[in-house]
Amino acid sequence: MIEISGLSKHYGETLALDKVDLTINDGECVVLIGPSGCGKSSLLRSINRMIDIDEGKIIVAGKEIASYPPQELRRKIGYCIQNVGLFPHYTVYENIAVVPRLEKWDETRIKERVEFLMNLTGLPLSYLTKKPHELSGGEAQRVGVCRALAADPDILLMDEPFGAVDPMTRIKIQLAFKNIQKELKKTVVFVTHDVEEAILLADKLVVMQEGKILGYDVPEAFAKHMEEDFVRLFLGEDYPVKLLKRHGVDDYLKQDGDSATTLHEILGRLLKSETGVVEVTDTQNKIHEIRFEDLTRYLREGERR
Amino acid sequence: MKPGRITTAAGSFLTLFALTLLPWGEFKINRVARGIPIPAMGFLGWAMWTTSIVALLFIIALIRFRPRFFNAVLSWVFLLLPSFSLILLSRFIPDGVDFDPKVARISLGIGFYLFYVGILLLLSKTKQPKLKIFLSFVFILAFTGNMDALGLVREYRNIEETFLRELTRHLTLALFSAMAAIPPGISLGYLAMRYPKAREWIFGFVHVFQVAPTLSLLALMMIPLTALAKAFPFLADLGIKGIGFAPAFIVLFLYSLLPITANTYAGLKQTDPAVLENAVALGMSPKQVLRKVWFPLTLPSIFAGIRTAMTQNVGNTILAGLVGGGGMGALIFLGLSQSALDLVLLGTIPVVVMALILDAVFEVIEETTVRKLGVDYDRNLRLE
């Protein structure tokens, strides 16, 4: 658990963080979103003491962060940023092994861990001996994620980690990361300015502006925050439509299936259909009809959940 | 006209001009006597001279009209020519002159040099590395006693021991002074990076030595060193005095600082900030960041600085000859004072060769480190 209370940070005259309170539960992926300069990166970077805070308290794993030696704290927390920052003189293996080596793990354990992470992120083991300049942008990002996860930290800080790759690769990595998170259940603090990325990955969403938190909730519940002008402007009037991407047909039918169809696609089919009805089959081969009203109702329910 | 044709035309002109009109060397009955010019015809003889001219015209025609046709063969022929002509030239004996064969000598003249400039121009379209083979070939012939009458060889034979001693001394001075500058150079570069306020002072300091003429620095160095040696005579016994090895070493050392300092600084500065941020964020201590990440990534740049320092030092060490520091400069300045141009050449050629060899050696080292690190110092990292 990360408990942040009364956190303020100044850069000269400008106030980057203004008495921020935020509690992040274990195993949740919390996405900080907002326009540039809203303080989301400062909030993230204050958690592993990459920046010093002026006021307030941050408690990580029951202890205030100021009471940890900074290096020890940082090794407990995975870190992954936009430009990856892989060490160009290290091989992929050595890059991933950085923190375990700092923590003085024995080499067989490191090797096991590295290979586990390579499999997890879908990188071939033959890449272990490559240098970063031989990797594509997407591959480098995956290695970056591996490196952040290397010493099995409970907390993961990610600052626009997929911001610099092309859209196709980006979606692939996002989905891969979602699966990894499902499996590992880390406490993730994720910064982005991309609403769709936030909707896809977030267990909870934090919308920030000018150093303040405007809303902190599950993405489904954000419709009720939409009365606030800024939130509506930033998330967009089409936010509910984007939200449909989070939910598969299986969620809608409350079943444990393996369909890849999202409600977003169902909406697309509805818009094209002349009858205003789309039919889907469930795992028992029963046919269900979905209408516009059903989607509206489903989103309302999500809000209450 | 295409550039290729211009070089061919210039090459043809130079070779023909040298063969017909220019002196290829001078015959001197002793070291300082006025020389008797030797035209190409003089040492080749009528028959060979005529054949040469006809052959040359034929070859020029081939190059002009069939550029690629005989090139491979031609370059080998031209490669053997200089050695061959040097041997013939050194066998030249003038008519009607009394001379002592042990003292008389032949110096190379303008015709020889221009002829081979012309040849290089004519060959500019073929592969070039043959020049190295050619040089080695000439050296081997010279050392095996095939052109003893050449002034250059004669000077060398006269002072063989001195030559080798000064050569060792030259290399020692140049290399050790640059090596001594490596630790302080790197430290200064790091300090300039670490403390931005000190940067201007540091760069001002190392620039002074680079901008000040080497010669005046040498003179400046003599005064405090002489004073020092007078005040503490035991220092003089250790070799620290106004003339000789010490001032030359110190000046060369100071001279080497700038390239090493500047390259260290530039290398540190160029390191991708994202890489350094990650090193810190992953939990490295400041010392670990420097040792494991920052410094290794700066190595190629530092090597480039050391390479510059070493090669420039080889040339600058010539000036050590002026303050009794020895080296090739001792031969060159002696040759200049005696108007013995062969001796000057004997001092100069090794300096050029040494600089070229050193540069090549360091290029290899630099490339190896760059390849090993997988990172270059002036190319930006590919981090999309």
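# Briefing: salt bridges, a chain interface and a helix pair

The side chains of Lys111(A) and Glu115(A) form a salt bridge, with N and O 3.3 Å apart. The two residues are four apart in helix H5 (residues 107-121) of chain A, so about one helical turn separates them. The model is predicted. Over all chains, the count is 20 salt bridges.

**Interface between chain B and chain A**

- The size of an interface is often given as the accessible area lost when the parts come together.
- Here the area buried between chain B and chain A is about 2300 Å². Carbon and sulfur atoms give 60% of that area.
- On the chain B side, 26 residues are in contact. They meet 27 residues of chain A.
- One salt bridge is counted between chain B and chain A. Its partners are Arg45(A) and Glu277(B), whose closest N and O atoms lie 2.5 Å apart.
- Three helices of chain B each give two or more residues to the side that touches chain A: H14 (273-281), H15 (286-316) and H17 (341-373).
- H14(B) provides the largest share of that side, with seven residues.
- By class, the side of chain B that touches chain A has 15 nonpolar, five polar and six charged residues.

**Packing of H10(B) and H13(B)**

- Two packed helices are described by the angle between their axes and the distance between the axes.
- Helix H10 (residues 196-211) and helix H13 (residues 245-270), both of chain B, pack at an angle of about 145°. Their axes are 7 Å apart.
- The crossing of H10(B) and H13(B) is left-handed.
- From H10(B), the residues in contact are Arg199(B), Ile202(B), Phe203(B), Phe205(B), Val206(B), His207(B), Phe209(B) and Gln210(B).
- From H13(B), they are Leu254(B), Tyr255(B), Leu257(B), Leu258(B), Pro259(B), Thr261(B), Ala262(B), Tyr265(B) and Lys269(B).
- By class, this helix contact has twelve nonpolar, three polar and two charged residues.

**Thr311(B) and its surroundings**

- Thr311(B) sits in helix H15 of chain B.
- The side chain of Thr311(B) reaches the backbone oxygen of Thr308(B) at 3.2 Å.
- Leaving out residues up to four places away in sequence, Thr311(B) touches Ala355(B), Leu358(B) and Asp359(B).

Definitions and conventions:
Residues numbered from 1 in each chain as written. Chains lettered and ligands numbered in written order. Predicted model: local features only at pLDDT ≥ 70, side-chain atom pairs only at ≥ 80, totals over all residues. Heavy atoms only, no water. Contact = heavy atoms within 4.5 Å. Buried area = accessible area lost by both parts, 1.4 Å probe. Salt bridge = Lys/Arg side-chain N within 4 Å of Asp/Glu carboxyl O. Nonpolar A, V, L, I, M, F, W, Y, C, P; charged D, E, K, R; others polar. Axes fitted to C-alpha atoms, helices over the stretch in contact; angles between N-to-C directions. Left-handed = near helix turned anticlockwise from the far one by under 90°. Polar contact = N/O pair within 3.5 Å; in protein donor to acceptor, adjacent residues only side chain to side chain.
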